[in-house]
Amino acid sequence: MTRPLAIWDVDGTLIDSRYVITAAMEAAFRLCNLTPPAYEQTRKIVGLSLEVAIDRLAPREIDERGLATLVEAYKTEFVKLRNSGQDYEPLYYGMADILSDLKSTGWALGIATGKSRRGLEAVMTRLNWGDIFDANYCASDGPGKPHPFMIQANLVETDTLPQHAVVIGDTSFDMAMAKAAGCAAYGVNWGFHTEEEILKGGADFIFDTPAKLRAALFDFAKSKAA
């Protein structure tokens with residue numbers, strides 16, 4: 001039997017990082033004497049590598065030095081919130097159970113996230129993910145979403161063919177990345193992008209509960225085992 005691979009986005013899919021990302025972005029802009037973006041603007045860039053994301057939010061007249069300062073301010077504010085003792089990146093309800101169920105039934109598990117390596121390692125350490133994921137790639141490792149690099153790296157590391165892998169994410173960038181790599185693309189609607197945006201990215205399906213997602217993943221595994 002071929003082992004299926006589930007490649008997971010992190011922010012907005014596995015963990016609810018809406019507050020911490022928004023708060024850090026607002027604080028960074030204020031520190032740089034800029035008008036903070038509205039949440040409606042910020043949510044649309046989540047999933048992209050940080051430099052690309054902030055460049056999309058920053059005023060067009062900002063220069064390269066100002067952009068670099070804004071990026072560093074965001075990093076500082078994000079780490080400050082993470083180290084505050086508050087759980088600003090909680091797991092979404094039901095996601096720990098899905099990961100456990102997949103792992104116990106023979107799935108390989110991977111990560112493809114727009115987080116930096118430092119950010120991803122912090123989450124993995126806090127949630128004890130070291131023994132759960134077989135591969136993990138982030139924006140620090142190569143081209144960011146929607147480029148298929150992170151998916152292709154997960155496939156190589158787990159020795160999986162694209163047709164036996166499914167990418168799960170909450171943004172159009174995740175879906176476009178999955179399709180560019182030849183994988184199934186499963187969207188979830190509890191994160192940052194709207195269902196319309198996720199569909200435009202190329203989603204095969206969109207799920208509104210972890211239970212429906214879990215059932216679809218096991219159906220995927222059955223279809224590949226047939």
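Visitor: How many aromatic pairs does the count come to?

Guide: By the rule that rings of Phe, Tyr and Trp (its six-membered ring) pair if their centres lie within 6.5 Å, the count comes to ten aromatic pairs. This is a predicted model, in which local features need pLDDT of at least 70 and side-chain atom pairs count only at pLDDT 80 or more, while totals for chains, interfaces and linings use all residues. Residues are numbered from 1 along each chain as its sequence is written, and side-chain values use heavy atoms, with hydrogens and water left out.

Visitor: Why is the pair of Tyr74 and Phe78 called tilted?

Guide: Planes under 30 degrees apart count as stacked, over 60 as edge-to-face and the rest as tilted; the ring centres of Tyr74 and Phe78 are 5.8 Å apart and their planes stand at 40°, so this pair is tilted. Both residues belong to helix H4 (residues 64-82), where, being four residues apart, they are separated by about one helical turn.

Visitor: What makes Tyr74 count as buried?

Guide: Buried means under 20% relative accessible area, exposed over 50% and partly exposed in between, with a 1.4 Å probe and protein chains only; Tyr74, at 9% relative accessibility, therefore counts as buried, and Phe78, at 8%, does so too.

Visitor: Why is the pair of Tyr92 and Trp190 called tilted?

Guide: The planes of Tyr92 and Trp190 are at 55° and their ring centres 6.3 Å apart, so the pair is tilted. Tyr92 lies in the loop between H4 and H5, and Trp190 in the loop between S5 and helix H9 (195-200), so the pair ties together parts that are 98 residues apart in sequence.

Visitor: How do you know that the side chains of Asp11 and Ser17 are joined by a polar contact?

Guide: A polar contact is a pair of N or O atoms within 3.5 Å, where, within protein, one must be able to donate a hydrogen and the other to accept it, and residues adjacent in sequence count only if both atoms are side-chain atoms; the contact between the side chains of Asp11 and Ser17 is 2.8 Å. Asp11 is found in the loop between strand S1 (5-8) and helix H1 (18-31), and at 9% relative accessibility Asp11 counts as buried.

Visitor: Which residues form one aromatic cluster?

Guide: Trp107, Tyr186, Phe205, Phe207 and Phe220 form one aromatic cluster. Tyr186 is also in contact (heavy atoms within 4.5 Å) with residues including Met175, Leu213 and Leu217, leaving aside its neighbours within four places in sequence.

Definitions and conventions
Helices (H or I, at least four residues) and strands (E, at least two) are DSSP runs, numbered from the N terminus.
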